[in-house]
Amino acid sequence: MSNKQQHMLKKEEINFFDMSIQFISPKKSILDDENKKRPEWLCQGVPCAVLYQNETNTTIKPFNKSSNYNITNETIKNDFNILARDEQYVYADGYPNGKINIIEFTISPISVKNLVKHYDNYPLLKILLEKADQDAYHSKGMNDCITVKDYLSKKNIDNDTTSKLERIGDPILNRSTRHTIPIPNTYTREEFEKNPSYPAPIGIRDSDFALPSEQNAILRELIRQIFCCVNAPELSYELKVEFGIDNIIPNSHGCEWCGELVDISKLNQDYCSKEHSINFCHRDPAVGTKNGNVYIGHCSCNREQGGYSETQRIEQIVRIAKYNPLYREMIMNALKL
Ligand SMILES: [Zn+2]
């Protein structure tokens, strides 16, 4: 295989299970701006498969990026750690249980575009599918994340006396893939400022983290729910097979908060502007968009639940009812079949 071919290797063409493939990770976040119109952060701790090395450069495939990166050998030597691996896992601190199953490196996102193109006549359905795609695969934004322009102008931050009083940057990236390294909720500003990456971002919110296999599972489940809504078109047998979606029962999907069926024709272009327009609801908002925690429900119901989890709401009701016989009776009567 020629050098060029090695450099261009797509994810599907790489055998990550091959024990000769080495994994490394950056000691601090790196801005990959070489020949790129839109420079991207390569975050500290993210495992990268080494694909090819010549006298000057090394081609790597970062776990959380779709493209390969070309890094100078000097940077590789100074700013990267070699990670342990075996036939099943790559060991990477910062990821859940300190390891990633190698199969996760081989999983590609499901293309919602390929599904959307079959539903030109259903603009509301397209909006929902695209929102499902956004939620399944992308972490939320962070306005405080340092911009590339500011980062490059403040690179020598220690010599920059004007910046001392200013709060610069944030550990959380402004949007990224959901299998970027998760930052614990307990991580403090002080820790960030002492981090060698500072003021560059170092990861995503813990609640946004999901491995590629879970992201696909989340998307499949959301697509399934969308096609179970009232006024949803049919998902053909071929598309069910292509996207691995099963168990579609038309007109069956209900909002868990109020129990009513969800009607996709009620989705407003003005998102959430009217009662009973549609929203992506979380059983526990603190857990985020994880498999089993998100469902398609109503905006008004989502507002009623507020920032509490379903369990917390139940606990509140139980507490009130415990000392008030009238409420207890109301609940008992309401639950009678
Ligand atoms: Zn509802």
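Trainee: N231 lies in the loop between helix 8 and helix 9 (237–243). Which class applies to N231: buried, partly exposed or exposed?

Mentor: This is a predicted model, in which local features need pLDDT of at least 70, side-chain atom pairs count only at pLDDT 80 or more, and totals for chains, interfaces and linings use all residues. Residues are numbered from 1 along each chain as its sequence is written. With C-beta atoms placed from the backbone, a residue is buried if 20 or more others lie within 10 Å of its own, exposed if 12 or fewer, and partly exposed in between. N231 has 16 other C-beta atoms within 10 Å, so its class is partly exposed.

Trainee: What is the phi of N231?

Mentor: Most residues other than glycine have a negative phi. N231 is a residue other than glycine with a positive phi, near 70 degrees.

Trainee: N247 is found in the loop between helix 9 and strand 12 (278–282). Is N247 buried or exposed?

Mentor: N247 also has a positive phi for a residue other than glycine, near 60 degrees. Because there are 9 other C-beta atoms within 10 Å, N247 is exposed.

Trainee: Which peptide bond is cis, with omega near 5 degrees?

Mentor: Most peptide bonds are trans. The proline concerned, P199, is in the loop between helix 7 (189–194) and strand 11 (204–205). The cis bond runs from Y198 to P199.

Trainee: At what angle do helix 5 (residues 123–137) and helix 8 (residues 212–227) pack?

Mentor: Axes are lines fitted to C-alpha atoms, for helices over the stretch in contact, and angles between N-to-C directions run from 0 to 180 degrees. The two axes are 9 Å apart, and the packing angle of helix 5 and helix 8 is about 160 degrees.

Trainee: Why is helix 5 described as roughly antiparallel to helix 8?

Mentor: Angles under 35 degrees count as roughly parallel, over 145 as roughly antiparallel, 65 to 115 as roughly perpendicular and the rest as oblique. The angle between helix 5 and helix 8 therefore makes the pair roughly antiparallel.

Trainee: Where does G45 lie, and is it buried or exposed?

Mentor: G45 is in the loop between strand 3 (40–42) and strand 4 (48–53). Leaving aside neighbours within four places in sequence, G45 is in contact with S25, A92, D93, G94 and I181. Because G45 has 20 C-beta neighbours inside 10 Å, it counts as buried.

Trainee: Where is K117 found, and is K117 buried or exposed?

Mentor: K117 is in the loop between helix 4 (112–116) and helix 5. Its C-alpha atom is separated by 45 Å from that of T188, 71 residues apart along the chain. With 10 C-beta neighbours inside 10 Å, K117 therefore counts as exposed.

Note on methods:
Helix = DSSP H or I, 4+ residues; strand = E, 2+ residues; numbered from the N terminus. Contact = placed C-beta atoms within 7 Å.
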